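This briefing is meant for a reader who is meeting the structure for the first time. It begins with one residue and then moves on by topic.

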Amino acid sequence: MRFESAKNYDEFAVAQKQAARDLYHALFQYVKRADRIYEIGCGSGIFTHYLLRHFAFRQLFLNDLYRCPLMERYPSQIGDVCEQEIPSNLDLVVSSSVFQWIVPLEELFKKIAAALKQNGFFAFSMFVAGTLWELESFTHQGLPYKTPQQIEEILFRHFDIVEGKENFCTLSFPDCFALLHSLKQTGVNNLQGDFRLTKTSYRKLDESFDGKYELTYRYGVFVARKK
């Protein structure tokens with residue numbers, strides 16, 4: 001994840017915005033007020049703004065690897081959430097488009113459950129298996145995305161799942177350069193490991209799209225309650 005290269009993240013984060021919107025609509029069916037909220041990976045604030053506009057709360061804690069302007073206004077943690085001490089007695093923990101980066105997910109879910117009050121809510125979206133398959137089929141590289149079923153199995157160890165669904169977003173581009181530029185601007189990069197983007201490999205990658213430059217993002221949206 002290379003957000004230092006993603007200078008225009010909000011402009012290009014179409015799939016991430018759709019996932020955040022779906023997460024908000026799912027969560028708002030069950031929770032409209034939560035005294036203590038903790039957001040993991042607030043980033044540029046795409047999902048945070050839903051919290052600020054539509055949820056009543058007393059305290060909001062924000063976490064991310066890098067400091068953003070929103071974090072100046074609320075108690076914040078800078079760093080990997082897996083290494084941070086999550087505030088206790090939380091009513092709601094949320095995260096959007098972050099957990100696909102977390103390994104192992106089980107340890108984090110256990111940590112979140114411990115930080116929540118009894119019957120507290122945990123709601124998140126994350127990209128799942130099938131994301132960027134067009135690129136991965138060529139590079140044979142990518143994140144080890146989990147299936148929604150695998151995520152639910154881990155989640156169910158600590159939570160009762162009240163909603164779980166899968167959706168997708170397919171983005172179209174005029175050419176291969178625009179497609180790769182979009183990936184760079186959202187901090188996503190499957191072109192790593194043994195794969196090197198040279199003039200020859202770029203030409204072959206371009207040809208692999210056969211004139212149809214698309215990227216598919218698949219994501220799951222989950223709302224759960226602490227057991």
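In which strand is Asp64 found? Asp64 is found in strand S2, within a model that is predicted and whose protein chain has a mean pLDDT of 92, with 93% of its residues reaching 70 or more.

**Confidence**
- Over residues 1–6 the pLDDT stays under 50, and for this stretch the model has 16 contacts beyond four places in sequence.

- Asp64 counts as buried because its relative accessibility is 10%, and buried means under 20%.
- The side chain of Asp64 reaches two backbone nitrogens, that of Cys42 at 3.3 Å and that of Gly43, which lies 2.8 Å from a polar atom of the side chain.
- When neighbours within four places in sequence are left aside, the residues in contact with Asp64 are Gly41, Cys42, Gly43, Met71, Gln77, Ile78 and Gly79.
- Ser76 is 12 residues from Asp64 along the chain, and the C-alpha atoms of the two are separated by 8.1 Å.

**Ser96 in strand S4**
- Ser96 is found in strand S4, which covers residues 90–96, and with a relative accessible area of 11% this residue is buried.
- The side chains of Ser96 and Ser125 are joined by a polar contact of 2.8 Å.
- Beyond its neighbours within four places in sequence, Ser96 is in contact with several residues, including Gln16, Ala19, Ala20 and Leu23, and Ile40 and Phe47 are also among them.

- In soluble globular proteins, nonpolar side chains tend to be buried together.
- The largest nonpolar core here has 49 residues, of which Leu27 and Phe47 touch the most other members.
- Two or more residues of this core come from each of helix H2 (14–28), helix H3 (48–54), strand S2 (59–64), S4, strand S5 (116–127), S6, helix H7 (176–185) and S7, and H2 gives the most, with 7 residues.
- Leu27, with neighbours within four places in sequence left aside, is in contact with Phe47, Phe55, Leu92, Val94, Ala123 and Val223.
- A second, separate core holds 27 residues, and Ile40, Val98, Leu108 and Phe159 are among them.

**Salt bridges**
- Side chains of opposite charge can pair when their charged atoms come close.
- The structure holds 6 salt bridges, one of which joins the side chains of Arg33 and Asp35 at 3.0 Å, N to O; in this pair Arg33 counts as exposed at 54% relative accessibility, whereas Asp35 is partly exposed at 26%.
- Glu106 and Arg157 also meet through their side chains in a salt bridge of 3.0 Å, N to O. Glu106 lies in helix H4 (residues 105–115) and Arg157 in the loop between helix H6 (148–155) and strand S6 (159–173), so the pair ties together parts that are 51 residues apart in sequence. Arg157 counts as exposed, with a relative accessibility of 51%.
- Glu166 forms a salt bridge with Arg218, the closest N and O atoms being 2.8 Å apart. This pair links distant parts of the chain, with Glu166 in strand S6 and Arg218 in strand S7 (residues 213–226), 52 residues apart. Glu166 is partly exposed at 38% relative accessibility, and Arg218 is partly exposed at 26%.

Notes
Residues are numbered from 1 along each chain as its sequence is written. This is a predicted model: local features need pLDDT of at least 70, side-chain atom pairs count only at pLDDT 80 or more; totals for chains, interfaces and linings use all residues. Side-chain values use heavy atoms; hydrogens and water are left out. pLDDT is the predictor's confidence in each residue, from 0 to 100. Contact means heavy atoms within 4.5 Å. A salt bridge is a side-chain nitrogen of Lys or Arg within 4 Å of a carboxyl oxygen of Asp or Glu. Buried means under 20% relative accessible area, exposed over 50%, partly exposed in between (1.4 Å probe, protein chains only). Helices (H or I, at least four residues) and strands (E, at least two) are DSSP runs, numbered from the N terminus. A polar contact is a pair of N or O atoms within 3.5 Å; within protein, one must be able to donate a hydrogen and the other to accept it, and residues adjacent in sequence count only if both atoms are side-chain atoms. A nonpolar core is a set of buried Ala, Val, Leu, Ile, Met, Phe, Trp, Tyr and Cys residues joined through side-chain atoms within 4.5 Å.
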